[in-house]
Amino acid sequence: MIRDITIGQYYPADSRIHKLDPRVKIVCTLLYLISLFTFKSILGYVLATVFLFGCIKLSKVPFKFIVRGLKPIVILLLITVGFNLFLTPGGETLVHVGFIKITEYGLSTAVYMAIRLIYLIMGSSLMTLTTTPNSLTDGLEKLLHPLNKLHVPVHEISMMMSIALRFIPILLEETDKIMKAQIARGADMESGNLIQKAKAMIPILVPLFVSAFRRANDLAMAMEARCYRGGDGRTKMKPLIYKSTDHVAYLITILYVVAAFVVGRYVPFKLWIF
Amino acid sequence: MSIKLEHINYVYSEGTAYEKHALKDVSLEIPHGEFVGIIGHTGSGKSTLIQHLNGLIKATSGALYYNGENIYGENYNLRELRNQVGLVFQYPEHQLFEVNVLQDVCFGPKNQGLSPEECEKRAREALQLVGLKEKYYDHSPFDLSGGQKRRAAIAGVLAMRPKVLVLDEPTAGLDPKGRDEILDQIAYLHEKADMTVILVSHSMEDIAKYVDRIIVMNKGSVMFNDVPKKVFAHYKELESVGLAAPQVTYIMHELKEKGMDVPTDATTIEEAADGIMKALKKERAAK
């Protein structure tokens, strides 16, 4: 039932991308996302495609998992494409039926916009698929560390984030269990009007809250027992240290970004006016 | 009131990275009135198996017959099935939610559509069956002790008057006294209320004393399905899958090896003691 919902869609595999330092993945993904918006010619897109599919290949994540990330934005994609396709003036008119008018500009903007959005989602999916939520927060903590000087409690924020993330699957499982237990006692959650349905949630919500508080209490106690006292002077069991592969990854990404920027902007190779 | 499973397979999270084949071609028959123990190591599929019995999860393939009717049939009434097959989950006290014990136990009968008077009658009856004292009936279920909560939660299922009672590790986390009391009460229910009881456990010690038959699960398949004496005879194989026969089995086998004429198929301490006494008397008479 509820098990099918996945938040934090990590795909476990043994690949070079998985083993990269989370900081590398965060920074490189950001650079890649920005690079997508600098292109003016089709060569840029060719480079982005090569880079993205190279990374996917390296990550050993099956392609269908990456495509799955696109599902939630299908509507957004259609609307964007629609608007661009029908409402962009300029260039030769390709189709003109009644009030529908598709121009050359419209077609090229729509296609490029769609590719940009799809690549954007695929790129960020690749990051979340190859990095566990916990190492993502670890990486963020380290990246945002300089903010400490501005009295931003970076450690505390990232600790809260990782605890919250850790509790999502636990509470989902708990909900599933309680739901099943109440269904086994004849609870009916499907039929009835809105008020009856809301009432039917009580036998699930009350035990769920009780258990969430109990778990929070236990966790606080366990942290206290291990002398947790915030981020000051705290060291890590597995500190994030860049390895040679991480440097290589940075280098490749920077090369890609520079190449994409130069080629995509200044090499005058235009299939369509854009 | 028999339950019959035919080639049940169940796969968790099919088509994702976390796909897991939890049940592999399980075929079983549980006739009415039997007291069955299902035993297996963590992750052997026992909890998944019992959730099939009242249709909470649907098998990926295979058929399940309750009283000869296929519960996966198109017009089968699953709610009615759940009234007949009561399922007590592991740590059932985590499902308590009402303002007091009596009302919580009433939740099941109320869902069956019974009148408030009938609900209360059944709830009181169920609470008496599990041996919870009347002074606790108007307490908040969250104020009870662990063992009392467990009893209240089991009563919550019993109040529905199921024909088949399935319990998933009802003694987990209880002290030895609480454990014996709960198990004794379940055995009493089995006898008095003419119920089929299916008891899931990972401790042979717990169930050897009570059950007519033991089903041993290993990695999603049925490994053994026989009377306790015969299952325990395979104590070496049981060990290889992380289980163990009751301690008396080991003692009896070692005594036999040392040359004492004792029955090695004793499963309870009383039986073992009897066997040893008889052997000793025989030895003395021979001298």
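Tutor: Start with strands β3 (residues 35-40) and β9 (residues 213-218) of chain B, which pair in the parallel sense. This is a predicted model: local features need pLDDT of at least 70, side-chain atom pairs count only at pLDDT 80 or more, and totals for chains, interfaces and linings use all residues. Residues are numbered from 1 along each chain as its sequence is written, with chains lettered from A and ligands numbered from 1 in the order in which they are written.

Student: What makes β3 and β9 of chain B a pair?

Tutor: Two strands pair if DSSP finds at least two bridges between them. β3(B) and β9(B) have five bridges, so they meet the definition. In one of these, B:I39 has B:V216 of β9(B) as its bridge partner. Strands themselves are DSSP runs (E, at least two residues), as are helices (H or I, at least four), numbered from the N terminus.

Student: Why are β6 and β10 of chain B said to stand at the edges?

Tutor: The order of this open, mixed sheet of six strands is β6-β7-β8-β3-β9-β10 (chain B). β6 (85-88) and β10 (221-226) each have a single partner strand, so one side of each lacks a neighbour in the sheet.

Student: How are β1 and β4 of chain B joined?

Tutor: β1 (residues 3-12) and β4 (residues 61-66) of chain B run antiparallel and share five bridges. B:I3 stands opposite B:Y66 in β4(B). Both strands belong to an open antiparallel sheet, ordered β2-β1-β4-β5 (chain B).

Student: Why is helix α3 of chain B called largely enclosed?

Tutor: A residue is buried if 20 or more other C-beta atoms lie within 10 Å of its own, exposed if 12 or fewer, and partly exposed in between; C-beta atoms are placed from the backbone. In α3(B) (residues 101-111), 10 of the 11 residues are buried, so the rest of the structure largely encloses this helix. Among them are B:V101, B:F107 and B:N111.

Student: What do the buried residues of α3(B) pack against?

Tutor: They pack against α10 (202-225) of chain A, and against α4 (116-129) and α5 (146-158) of chain B. Contact means C-beta atoms, placed from the backbone, within 7 Å.

Student: How many residues does each chain bring to the contact?

Tutor: Chain B brings 24 and chain A 20. On the chain B side, α2 (78-84), α3 and α5 each supply at least two residues. That side divides into 12 nonpolar, 10 polar and two charged residues. Here Ala, Val, Leu, Ile, Met, Phe, Trp, Tyr, Cys and Pro count as nonpolar, Asp, Glu, Lys and Arg as charged, and the others, Gly among them, as polar.

Conventions:
Contact = placed C-beta atoms within 7 Å.
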